[in-house]
Amino acid sequence: MRYGASVLLLAALAATGCQPASTELTESEREAITTKVNEVVTGLFDAMNAHDAERLLGHYVDDGDFAYVAALSVRPGLEGFSAMVRAYYPERTDLTFTHRILYTQVLSPTAAVVFTEGASSEIDHLVWTHVLVRVEDGSWRIAYEHEAWPGAEPPSRHPGM
């Protein structure tokens, strides 16, 4: 039943929080943003597979607005998430991830959502929602991430869940 509750929560969030794609962008601008944010997400998975915590953390906004949701447990702020990443990834050289971008929605010139699915050497099916924002230097960073593992036990990197 826990999986059902998370699906309902995500549906409610999507229905209330996601606005239609911005009409102020041309098709070529939308395509350029889609390409860029997809590159950021692919780079994130490359860093995960390289077990490089600092490179991995470079994909996220470095401020208090960041939020990570694992299943239904929220970790606001980058500090706790960073500690988890630094403790987990360098030690797990056997861990590998695959991913496939399912859909990218450009919300505005400064916000986009990327939905991915994949697996790890620990869990057969993982899904992610990445909300990216364009930061002051023009680069894109992940400001919110939701990771779910439908039907599986939480991975060991998520203590207390």
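Visitor: How many bridges join strand 1 to strand 2?
Guide: This is a predicted model, where local features need pLDDT of at least 70, side-chain atom pairs count only at pLDDT 80 or more, and totals for chains, interfaces and linings use all residues. Helices (H or I, at least four residues) and strands (E, at least two) are DSSP runs numbered from the N terminus, and two strands pair if DSSP finds at least two bridges between them. Strand 1 and strand 2 run antiparallel, and the number of bridges joining them is 4.

Visitor: Which residue in the turn of that hairpin has a positive phi?
Guide: Strand 1 and strand 2 form a hairpin with 2 residues between them. On the strands themselves, Ala-67 has Pro-76 of strand 2 as its bridge partner. In the turn, the residue with a positive phi, about 55 degrees, is Ala-71.

Visitor: Does strand 1 pair with strand 6 in the parallel or the antiparallel sense?
Guide: In general, strands of a sheet pair through backbone hydrogen bonds, and both senses occur. Here Tyr-68 has Glu-145 of strand 6 as its bridge partner. Strand 1 and strand 6 are joined by 4 bridges, and their sense is parallel.

Visitor: Which strands are the edge strands of the sheet?
Guide: The sheet is open, has 6 strands and shows mixed pairing, in the order 2-1-6-5-4-3. An edge strand here pairs on one side only, and the two that do so are strand 2 (73-76) and strand 3 (97-108).

Visitor: What angle does helix 2 make with strand 3?
Guide: Helix 2 (residues 27-50) packs on the sheet and touches strand 3, strand 4, strand 5 (126-134) and strand 6 (140-148), where contact means heavy atoms within 4.5 Å. Axes are lines fitted to C-alpha atoms, for helices over the stretch in contact, and angles run from 0 to 180 degrees between N-to-C directions. Between the directions of helix 2 and strand 3, the angle is about 150 degrees.

Visitor: Why does Gly-43 count as buried?
Guide: Gly-43 is found in helix 2, and it touches Arg-55 and His-59, not counting residues up to four places away in sequence. Buried means under 20% relative accessible area, exposed over 50%, and partly exposed in between (1.4 Å probe, protein chains only). Gly-43 counts as buried because its relative accessible area is 17%.

Visitor: Which residue has its backbone nitrogen 3.0 Å from a polar atom of the side chain of Ser-120?
Guide: Ser-120 sits in strand 4 and is buried, with a relative accessible area of 11%. Its contacts, leaving aside neighbours within four places in sequence, are Leu-95, Thr-96, Phe-97 and Leu-126. The backbone nitrogen 3.0 Å from a polar atom of the Ser-120 side chain belongs to Glu-122.

Notes: Residues numbered from 1 in each chain as written. Heavy atoms only, no water. Polar contact = N/O pair within 3.5 Å; in protein donor to acceptor, adjacent residues only side chain to side chain.
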